[in-house]
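This report describes a protein model, going from its pocket to its strands and then to its surface. Please keep the sequence and the structure in view while reading.

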Amino acid sequence: MATKKTVLLTAMDRVKIARDPKRPHIYDFINFVCSDFEELHGDRLVNDDRGLVAGFGTIDAFKCLVLGHHKGATIEENMEANFGMAQPDGYRKAMRLAALAEKFHLPVVTFVDTPGAYPGDTAEARGQAEAIAKSLEFFSLLKTPVVVVITGEGGSGGALAIAVGDRILMMENAVYSVISPEGCAGILWRDGAKAPEAAEALKITAADLKRLGAIDEIIPEPAGGAQKNAKAAAAAVKKAVVKALAELVKEPIDKLVDGRYAKFRAMGNFYK
């Protein structure tokens with residue numbers, strides 16, 4: 001009897017799966033994971049960035065703030081959302097609503113899927129670097145539980161700005177890195193064709209990051225990737241999020257914040 005061969009995916013294979021346009025996006029997760037959702041808009045300063053979606057919803061028994069990058073499912077949505085590359089307005093919207101969640105003692109669940117923050121002149125003019133830095137500080141001190149789910153691409157500071165949390169969950173075929181493999185290859189070797197080598201060296205897969213302690217849990221995906229069965233993938237995400245929330249809400253808030261700070265301070269420290 002013939003045995004089924006196990007296909008070993010390379011880091012670059014997972015990059016391609018993470019970027020698949022049919023992979024579930026933020027509204028797919030909201031529809032499958034939340035029993036209700038009320039989207040809120042605007043940073044109350046400049047704009048309502050469509051690259052980052054936020055609102056209050058119910059996940060199982062937990063009322064919480066749900067926010068995440070929005071890549072879009074159609075060309076029109078891609079353009080409106082800037083392919084998930086948030087402007088400063090998006091990060092300030094996230095902070096505004098997270099402060100509201102903190103006020104009402106509601107946990108925050110973030111969905112990360114972006115190639116990176118928008119690098120254009122409009123973003124720079126409105127303080128992109130300051131918005132990301134402020135978001136890192138803000139979420140590190142937020143006095144409410146924060147669960148992060150990396151669902152597709154976790155690109156650089158644009159991802160990390162909403163990825164400072166108490167539990168960092170990562171889907172099996174997602175990737176998370178300081179730079180894209182293509183960008184890394186261009187810098188190191190001046191040759192984009194070496195992107196697969198860069199992907200391996202960067203240690204951007206869920207398995208690598210779990211081993212390094214950068215994430216807490218890997219969420220399994222359906223065979224072939226989440227894009228093959230979005231409903232099943234979302235069910236696995238919901239199960240992991242609910243488990244994390246159930247554990248975190250029992251913790252004293254000061255202990256939670258101290259632990260979150262210690263978690264991120266310890267990353268990259270491989271010498272005891």
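In the lining of the largest pocket, α7 has the largest share, with three residues. The model is a predicted one. Helix α7 covers residues 156-160, and together with β7 (175-177) and α10 (206-212) it belongs to the elements that each give at least two residues to this lining. In total, 19 residues line the largest pocket. Nearest its centre lie Tyr176, Val178, Leu209, Ala214 and Met267. The volume of the largest pocket is about 450 Å³.

Rolling a probe the size of a water molecule over the atoms shows where empty space is left. The structure has one cavity of 30 Å³ or more. The largest cavity holds about 50 Å³ of space. Its lining is made by Pro24, His25, Ile26, Phe29, His69, Phe111, Asp113 and Thr151. Two elements, α2 (26-33) and β4 (108-114), each contribute at least two residues to the lining of the largest cavity.

Asp113, one of the residues lining the largest cavity, also takes part in a contact across the sequence. Ala18 is part of helix α1, residues 11-18. Ala18 has a relative accessible area of 2%, which is under 20%, so Ala18 counts as buried.

Strand β2 consists of residues 52-59, and eight of its eight residues are buried. In a regular strand the side chains alternate between the two faces of the sheet. In β2, Leu52, Ala54, Phe56 and Thr58 point one way, while Val53, Gly55, Gly57 and Ile59 point the other way. The residues of both sets are all buried.

Strand β2 pairs with β1 and with β3, as the table shows.

| Pair | Sense | Bridges | Residues standing opposite |
|---|---|---|---|
| β1 (residues 36-40) and β2 | antiparallel | five | Leu40 and Ala54 |
| β2 and β3 (residues 62-69) | antiparallel | eight | Ile59 and Phe62 |

The hairpin of β2 and β3 has two residues between the strands. In this hairpin, Asp60 has a positive phi near 60°.

The loop between β1 and β2 contains Asp49. Is Asp49 buried or exposed? The relative accessibility of Asp49 is 6%, and buried means under 20%, so Asp49 counts as buried. Asp49 and Ala81 are 32 residues apart along the chain, and 7.4 Å separates their C-alpha atoms.

Which residues make the nonpolar surface patch of about 340 Å²? The patch is made by Ile75, Met79 and Phe83. Phe83 sits in the loop between α3 (75-81) and α4 (88-103). A residue is partly exposed when its relative accessible area falls between the limits for buried, under 20%, and exposed, over 50%. Phe83 has a relative accessible area of 39%, and therefore Phe83 is partly exposed.

Notes. Residues numbered from 1 in each chain as written. Predicted model: local features only at pLDDT ≥ 70, side-chain atom pairs only at ≥ 80, totals over all residues. Heavy atoms only, no water. Patch = residues over 30% accessible without salt bridge, like charges linked within 9 Å, V, L, I, M, F, W, Y side chains within 5 Å. Areas by Shrake-Rupley, 256 points an atom, 1.4 Å probe, with all protein chains shown as cover. Salt bridge = Lys/Arg side-chain N within 4 Å of Asp/Glu carboxyl O. Helix = DSSP H or I, 4+ residues; strand = E, 2+ residues; numbered from the N terminus. Buried < 20%, exposed > 50% of the residue type's maximum accessible area, 1.4 Å probe, protein only. Pairing = 2+ DSSP bridges. 1 Å grid on protein atoms, 1.4 Å probe; cavity = no way out; pocket = protein on both sides within 12 Å on 5 of 7 lines; lining within 4 Å. Points joined across faces, edges and corners; volume = space filled by probe spheres on them.
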